[in-house]
Amino acid sequence: MRNGIPTQALAKFEAALSQAKDDPEILCDLGYCQYLLRNFEAAEATLNEAIRVSPKLRRAHMNLGMVFARTGRADMALRAFASAGCTEAHAHNNLAYVLTTEEQWQPAMNEYQRALQLNPSLSQARAGIDVASRMLARQQ
């Protein structure tokens with residue numbers, strides 16, 4: 001999917017799902033594929049179905065958090081990341097990362113800073129702050 005062929009993957013996941021309608025792993029993969037295709041409404045529905053079938057499927061909660069982050073629902077994203085087993089600091093770091101992928105530099109910077117307040121040794125947040133700082137400087 002990461003090689004630019006998510007539409008082909010989508011068809012394969014849908015075919016697999018027709019053979020195993022309640023397979024949470026397939027549902028999770030399909031939801032992630034829909035997320036990559038920016039079909040966030042479908043991704044949210046599919047990932048919620050994966051969670052309904054397997055409430056402890058961490059990957060589905062993580063992917064749902066990314067959907068929420070991409071659709072401007074930060075509080076819901078943080079809760080989904082927590083349901084995936086993330087600490088509060090890692091949840092803020094994950095939210096910041098998604099905001100970074102959307103080039104929302106200032107909100108990402110704020111989330112990275114919050115992550116560091118919660119866990120000063122979080123190296124991913126420090127690296128994220130460096131990236132966001134450089135990009136914000138370029139915009140000025």
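**Helix packing, residue by residue**

A: Phe-68 is found in helix α4, in a model that is predicted.

Q: Is Phe-68 buried or exposed?
A: Phe-68 has a relative accessible area of 6%. The cut-off for buried is under 20%, so Phe-68 counts as buried.

Q: What does Phe-68 touch, leaving out residues up to four places away in sequence?
A: Phe-68 touches Glu-44, Arg-73, Met-76, Ala-77 and Ala-80.

Q: Next one along. Where does Ala-69 sit?
A: Ala-69 belongs to helix α4, which covers residues 58-70. The relative accessibility of Ala-69 is 6%, so Ala-69 counts as buried.

Q: And which residues is Ala-69 in contact with, beyond four places in sequence?
A: Ala-77, Leu-95 and Val-98. For Ala-69 and Tyr-97, the C-alpha to C-alpha distance is 9.5 Å, and they lie 28 residues apart in sequence.

Q: Zoom out to α4. How many of its residues are buried?
A: In α4, 10 of its 13 residues are buried, and the helix is mostly covered. Among them are Ala-60, His-61, Asn-63, Leu-64 and Gly-65, and the list also includes Met-66, Val-67 and Arg-70.

Q: What do those buried residues of α4 pack against?
A: They pack against four helices: α2 (24-36), α3 (40-53), α5 (74-83) and α6 (88-101).

Q: What is the span of α4, first C-alpha to last?
A: α4 reaches 19 Å over its 13 residues. That is close to the 18 Å expected at 1.5 Å a residue.

Q: Which residue just after α4 has a positive phi?
A: Gly-72, with a phi of about 75°.

Q: Switching to helix pairs. How do α5 and α6 cross?
A: Their axes come within 9 Å and cross at roughly 130°. At that angle α5 and α6 are therefore oblique to each other. The crossing of α5 and α6 is right-handed.

Q: Which residues meet between α5 and α6?
A: On the α5 side they are Ala-74, Ala-77, Leu-78 and Phe-81. On the α6 side they are Ala-91, His-92, Asn-94 and Leu-95.

Q: Now α7 and α8. At what angle do they cross?
A: The axes of α7 (residues 105-118) and α8 (residues 123-139) cross at roughly 155° and come within 9 Å. That makes the two helices roughly antiparallel, because angles over 145 degrees are classed that way. The crossing of α7 and α8 is left-handed.

Q: Which residues meet between α7 and α8?
A: From α7 the residues are Trp-105, Gln-106, Met-109, Tyr-112, Gln-113, Ala-115 and Leu-116. Their partners in α8 include Gln-124, Ala-125, Arg-126, Gly-128, Ile-129 and Val-131. Ala-132, Ser-133, Met-135, Leu-136 and Gln-139 of α8 are listed as well.

Q: Last topic, the cysteines. How many disulfides does the structure hold?
A: The structure holds 0 disulfides.

Q: Is Cys-33 buried or exposed?
A: Cys-33 is buried, and its relative accessible area is 0%.

Q: And what about Cys-86, buried or exposed?
A: The relative accessibility of Cys-86 is 18%, so Cys-86 counts as buried. The cut-off that applies here is under 20%.

Terms used:
Residues numbered from 1 in each chain as written. Predicted model: local features only at pLDDT ≥ 70, side-chain atom pairs only at ≥ 80, totals over all residues. Heavy atoms only, no water. Buried < 20%, exposed > 50% of the residue type's maximum accessible area, 1.4 Å probe, protein only. Contact = heavy atoms within 4.5 Å. Expected span 1.5 Å × (residues − 1). Disulfide = S-S within 2.5 Å. Axes fitted to C-alpha atoms, helices over the stretch in contact; angles between N-to-C directions. Parallel < 35°, antiparallel > 145°, perpendicular 65-115°, else oblique. Left-handed = near helix turned anticlockwise from the far one by under 90°.
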